[in-house]
Amino acid sequence: MDVFIWNMAISFQLLFIVISGVIFIYIGEKSFKYYVLYNICLVLYLLSRNDSNYYNFQHIISDFMGTANAEVFMHLLNFFIQVVFYALYSIFALYFLDLDKKVKKFFFTVIWILRALIAVFFLFAVVCFILKNPNLYIGLYSFIFLPVMLGVFFISVVRALQHSGKHKEYFLFGVCTYVFCALVAFFGTFIPSLHIKNPISFFYVGIVFETIFFSLGLAFKIKLINDEKNRVSNLVLKHKHQQQISKLKGLLEGEEKERNRIAAELHDGIAGDLFALKFNVANLNRAEYGAQYEEILTEISQIIDKSCVQIREISHNLSPSTITNFGLLQAVHDYCKKAAKIYNIKIDFAFSGEKIDLGTANETHIYRILQELINNIVKHSEASSAQVLIENYSSKMTISVKDNGKGFSPKMFSNGIGLNNIESRITFLEAVLNKVSDHRGTSYTIDFDADKIRKA
């Protein structure tokens, strides 16, 4: 049974040398470098617990330094390698429990203590080898190293319970079991009165328990690492999205300002000049020029009137004051009526649901989208009728625009008909546009989240 547990302990450590090495290479977690070193040292120690291996190595050493020196060297090496792997395991545990991030001052203090212990006990080993006194080294190990390590252990467990993530439960249970079994093995070896048969078996059992519960903690740790990477990735994507939205907002605001400027120029400049021209034509002394010019003057006056109407329409379309004065629904209704009258097409507008209040800027974007879609219908679809429907329920708004025209090819969808402008506004409003087109007509459906639009 003891041999079986010994083999199992070695197998587990060899397995985790490979696993932790792979994790260190691919994830870059610094803690697993120490876990690899710890496992290597532990495997060497476990191999030395086999009498055959122990004496074979001692025999090899004796060829260089003599039998007596080889015996002392092996005793010292046996305990020094324990100093090393316990220190390496402690460093790994501190990293694994994220104490390097949560309590940096404590973490660096403990790291300094552990490194000092390795250095001091190496010097002790040299001195004890010179004095040919391995029992002195065992005493120093028992009364200096173990108390210091137990103090570090208990304080680290308290700090881990206070600051570490959810992966700590599995890991700490495994560590506590490991430490308990190691202490039983140590005291059972050096205190015969405890009558513990083959105490080293407890150490093997502790190693098996530690690796099992470390596996569970590792799975949880990797999940936390992936969650953190996903969180950072989502933050980066969100930041890029916000940058894109800000850029679109600037472009759309600039476009709207330019529209307003052109509308003002048309209304105050060209429209004013045409009105003055009409006034002068009306004041001409028609009798003086004779009847032959009467018809020409009348035609000029009609052309001027028609131009004034067209300029007013263009000005209104560029800067629809109806949205500011009466809201989105009235502006869309008016535009549908005017488009139907100008282009001789039937356009039905309907609304259902709750009142729409998204702010003038956002409602202007929606108006521009509908304006472009209606323009596409009257200019390109050859439709005889179209329907515009706006539905607004529980902050979810849907706009549907349908016609009975000839439809559009996928190539036309991607290359024009004002869809680039539409898609820019759709992106800004964080909406979703669906298009369906065939020989029976074209249908556009746009879904908005009013709460998102208000926050934009």
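## Pocket, helices and strands

In this predicted model, 47 residues line the largest pocket, and those lying nearest its centre are Tyr 45, Gln 82, Tyr 86, Ala 182 and Phe 203. The volume of the largest pocket comes to about 1100 Å³. Several helices contribute to the lining of the largest pocket, with at least two residues supplied by each of α1 (2-27), α2, α3 (51-65), α4, α7 (134-163), α8 (168-190) and α9 (200-282).

One of these contributors, helix α4, covers residues 67-96, and its 30 residues should span 44 Å at 1.5 Å a residue, which agrees with the 43 Å that separates its end C-alpha atoms. Because 23 of the 30 residues of α4 are buried, this helix is largely enclosed by the rest of the structure.

Aromatic side chains form a further theme, and a search of the whole structure finds 31 aromatic pairs. In one of them, the ring centres of Tyr 38 and Phe 85 are 6.1 Å apart with the planes at 65°, so the pair is edge-to-face, an angle over 60° being the cut-off for that class. Since Tyr 38 lies in helix α2 (residues 31-48) and Phe 85 in helix α4, the pair ties together parts that are 47 residues apart in sequence. Tyr 38 and Phe 85 are both buried. Another edge-to-face pair is formed by Phe 107 and Phe 108, at 5.1 Å centre to centre and with 80° between the planes. What is the exposure of Phe 107, buried or exposed? Phe 107 has a relative accessibility of 1% and therefore counts as buried, whereas Phe 108, at 52%, counts as exposed.

Tyr 38 and Phe 85 also belong to one aromatic cluster, whose other members are Tyr 35, Tyr 45, Tyr 86, Tyr 89, Phe 92, Phe 96, Phe 171 and Tyr 178. Tyr 45 and Tyr 86, both members of this cluster, are also among the residues that lie nearest the centre of the largest pocket.

| Charged residue | Ring | Distance from the ring centre |
|---|---|---|
| Lys 132 | Phe 129 | 5.1 Å |
| Arg 159 | Phe 106 | 4.8 Å |

Turning to the strands, β5 (residues 441-449) has seven of its nine residues buried, so this strand is largely enclosed by the rest of the structure. Strand β3 (residues 396-403) runs antiparallel to β5 and is joined to it by seven bridges, with Ile 399 standing opposite Ile 446 in β5. Strand β4 (residues 432-438) likewise pairs with β5 in the antiparallel sense, over seven bridges, and here Asn 434 has Thr 445 of β5 as its bridge partner.

Most residues other than glycine have a negative phi. Asp 98, however, which follows just after α4, takes a positive phi of about 65°, and this residue lies in the loop between α4 and α5 (99-102). With a relative accessible area of 12%, Asp 98 is buried. Asn 344 is not a glycine either, yet has a positive phi of about 55°; this residue lies in the loop between α13 (328-343) and β1 (346-353). At 73% relative accessibility, Asn 344 counts as exposed.

Notes:
Residues numbered from 1 in each chain as written. Predicted model: local features only at pLDDT ≥ 70, side-chain atom pairs only at ≥ 80, totals over all residues. Heavy atoms only, no water. Helix = DSSP H or I, 4+ residues; strand = E, 2+ residues; numbered from the N terminus. Expected span 1.5 Å × (residues − 1). Buried < 20%, exposed > 50% of the residue type's maximum accessible area, 1.4 Å probe, protein only. Pairing = 2+ DSSP bridges. Phe/Tyr/Trp six-rings, centres within 6.5 Å; stacked < 30°, edge-to-face > 60°. Lys NZ or Arg CZ within 6 Å of the ring centre and 35° of its normal. 1 Å grid on protein atoms, 1.4 Å probe; cavity = no way out; pocket = protein on both sides within 12 Å on 5 of 7 lines; lining within 4 Å. Points joined across faces, edges and corners; volume = space filled by probe spheres on them.
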